[in-house]
Amino acid sequence: MALKERPKPFLLPEYCKGCGRCLDACAKDCIHLSDQINPLTGLVPVELDLTNCNACGLCMDACPEPYGLRPAHEGEIQDFELEDPAKIFGVKPSDAPEPVDLPSEVLPLPRTEPLVIKGTYASALGALLAGCRHVYGYPITPSTEGAELMAKFLPKLDGTFIQAVSEVATVNMMYGTAGAGLPTMTFTSSPGFSLMLEGVSYMIGAELPGVFVNVMRGGPGLGNIAPEQADIKLACHGLGHGNTRAIVLAPATPQEMLDLTMLAFELSFKYRNPVILLGDGYLGQMTGKVQLPETMIKPGIPKWAVYGDAMHRKNVITSIFLTESDLEAHNVHLNAKYEAMQVEARAESFLCDDAEVVLIACNTPARTAKGAVQELRHQGIKAGLFRPVTLWPFPVEELKAAIHSAQRIVVVEASAGQLEDEIRLALSKAGVRQFPEIENVRRMGGVLPQQSEIMTRVLGRKEVLA
Amino acid sequence: MSKASVFYDKFERHSHGEGLKGHATHYCPGCGHGLAHKYLADAIDELGIQDRTVAISPVGCSVFLYYYFDVGNSQAAHGRAPVVALGHKFANPESVVISYQGDGDLASIGLAETVATAQLGAPITVIFINNAIYGMTGGQMAPTTLMGQNSTTSPSGRNEYNGQPMKMAELIAGLDGPVYVERVALYDAKQRIKAKKAIQKAIKLQVEGRGYSFIEVLAECPTHLKMDPEATEKWVKECMEPVYPLGVKKDVTVDPWFKRNPPCFKGEKLLSLAGATSEHPERFCKGFPTHLAPNDISLKLAGSGGDGAQTAAMLIARASINEGFDATHIPSYGPESRGGTSYADVHVAEEEVLNPGSPDPQVLIAFNTPSLAKFGPTVRRGGFVIYDSSVVTEAPVLDPSIKMFPVPFTGIATDLGKAVVKNIVALGALQAATNIFPKDTMLTAIRVALKDKCALIPLNEEAFAWGIKSVEALNQ
């Protein structure tokens, strides 16, 4: 019986680091360290004397370098001089195909009667309608109902809900699914969001879409489970390390929890960047009227994805740019993207056209403030409400228009001034130097400002503090 | 073929593929990573899964795995590779996902992810390179560093204050999730052949959908062990192996189970899950109940957990929205799910609820004495207070303009045989006391809420009727 002839080893000395692991592997003593330093590498390579070689192949198995000791096939150059590697190995690093976008589809839905559901449920339905079938999460009050609904619905839609070991694991599962090019999201609340920020920075760096619904609760630390708005700073300016930005949406009604969750997915894929939906504990728990849209999305696969198929083989998802100039160029690219996101600024102005007193608030406090505006109007005071719907980018042009006739600005918020900081920063960056002194109604610790407190502030100009 | 095709023909991501870096790894001479890479490439090649493979690069010396493998590549944060792998696996169950990690990554910072992913048992393959030292950061103590071994953070040798070495293969094999766990080495030809086979088997088990597998590779780090490659091989054999015995730690035969259908995007299915319907609910109101308020009615329901205040609140909101109005309901619970306080703020508005809170309600439904005492005084002048006279023996004195309706919610419900319907008695009382909506509006909302428990509808209708009767008796 003729044995199949096995190839003998072959080595380009330039690709040998001289580790010598092959020396022991050879029973025939065919391999020796050279007595000369290779001038190209500065290393001492091994030399082969194949006189006694029986082509056992063990030396090749012992060589750690992919292009180190390799089988020499018939006709391959055994005697060589260093040539252009492209000549030896070919010019293309890979034969992987060039990927193309597989676009998402917009599917019609029949018109239905409004649902009466909680904010977290509305957001979960929004995600499903936006085509999200991969949800990861870790239970945390007051956002858990969203995850619970997903755990119930997704198996029926052949989707995936996985309760992760932590928020850290959650965001990295999202990183994986987003890397595969599919829509993914999570529900969390303030302490959990803090934990996710590492992963958010990586997602931004690797340009991955994903939707984070943060139903904000009282802090710092474990705080409590009542509503607060104290993660505005985190979402707008503190998304982990590095040059990070994300669009931050602030819904005020269960309807907006659905609508803005759907928008969040759209924007997140449009910009290849996470989108943060900041709700407050009340909004998550609040039940209200929610009208479903007349279309839903069946997602495609973007061309940059690492889906795990032939089409996407050439892609890589990474946030590493080892060479400084590469990383600087990446940051310039991210900045251009952040600049492009400015057009997504959104706001609602309620009775601001002639307003002398402009209240500014978002989330549930915006509704309280809206109630106050109506009451103040009954009392003959020209009040209006400006409600930023995006907190980043801040809708400063809309704000400028809303306060054009304002003599007083009152910021109503459930935090120690984080919304006010956004307003001041936006006005400052926009070069607005002239505006009325900013007054405030602030509550903290899980207490939302009350309509009566707003009234007292506006009518009495008294300090309102918890 | 002059090499496994799974390596790029040229390592363009390695310093842009310039010069020798286009064909040489970034690893130090004699490093075990290169061997593990080659065996992984061979396995991918031999199983014919190059197009389906997604390799997860970790943080550590193998952070640049994606420089070399001509497969889908995803680079993870430190320690998070196994969960990134899960994210890829569930996104495309047909993909073959390999989480390649070092000891700092897998056994220290990523321990939670490592253990939880192993126990989850979804078919992914974890290749764990244990070289008993941190390589990339420069020779610090790893969780796998041996007792007495020097490192830059255990300069006089690892001692008991640094804890004991982590035996990951044994730890993972002790879990129920994995199907195959083996520890292999690279120090001689025999071990290298075993290592190659183990890696191939681990991936094959994934390809067949049988489950999670874990291969720990005892690898050499000559640079940070400060030895030549040959001495390092010897050190692994003589010092590491006694602490980390080689061999199969777990190998269970499991039928292929990981089969997932493509996700469903059928609109009807989604709408039916959401409970959405195109059926127009019957309307009974002739207009907004302006006798209570011009355009926005504020209610509060207060009791203990289990009184049904939230359900009643929800039914009011649903009834209002069915009539084409707006409504909101905000629940507020005490810290306990049951037995604590349970309040609900409800608004019914003609067009839009502006402020959904009810700090000064027009209507209060109180299920117990503390709730009545707490919220009674907040009720607006001319408002309504409906309370459970079965449990409230002494009502507080409120503004004389407020109409008081003592109704024995609990007594009636108990007489009907089900104490839980006391909230429906309360709704009947609300109906009769305020005439907020026509009777049928509330009854329709109750029937719709019970559509999956039809047998309970007559009892609830009766409870509602008794609530009405009680108020009518008070009014006579």
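1. In this predicted model, the contact between the two chains brings together 88 residues of chain B and 96 residues of chain A. On the side of chain B that touches chain A, helix H2 (residues 81-91) of chain B gives the most, with eight residues. By class, that side of chain B divides into 44 nonpolar, 26 polar and 18 charged residues.

2. The two chains also pair through strands: strand S15 (residues 316-317) of chain A and strand S2 (residues 72-75) of chain B run in the parallel sense, and two bridges join them. Within this pairing, Val316(A) stands opposite Asn73(B), the latter belonging to S2(B).

3. Turning to chain A itself, the chain is divided into domain 1, covering 9-80, domain 2, covering 105-344, and domain 3, covering 347-460. The C-alpha centres of domain 2 of chain A and domain 3 of chain A are 27 Å apart, and the contact between these two domains takes 25 residues from domain 2 of chain A and 23 residues from domain 3 of chain A.

4. On the side of domain 2 of chain A that touches domain 3 of chain A, at least two residues each are supplied by helix H8 (232-237), strand S11 (247-249), strand S12 (274-280) and helix H10 (281-285) of chain A. The largest share of this side, four residues, comes from H8(A). As to its composition, the side of domain 2 of chain A that touches domain 3 of chain A has 15 nonpolar residues, together with five polar and five charged ones.

Definitions and conventions: Residues numbered from 1 in each chain as written. Chains lettered and ligands numbered in written order. Predicted model: local features only at pLDDT ≥ 70, side-chain atom pairs only at ≥ 80, totals over all residues. Domains from an automatic or database assignment. Contact = placed C-beta atoms within 7 Å. Nonpolar A, V, L, I, M, F, W, Y, C, P; charged D, E, K, R; others polar. Pairing = 2+ DSSP bridges.
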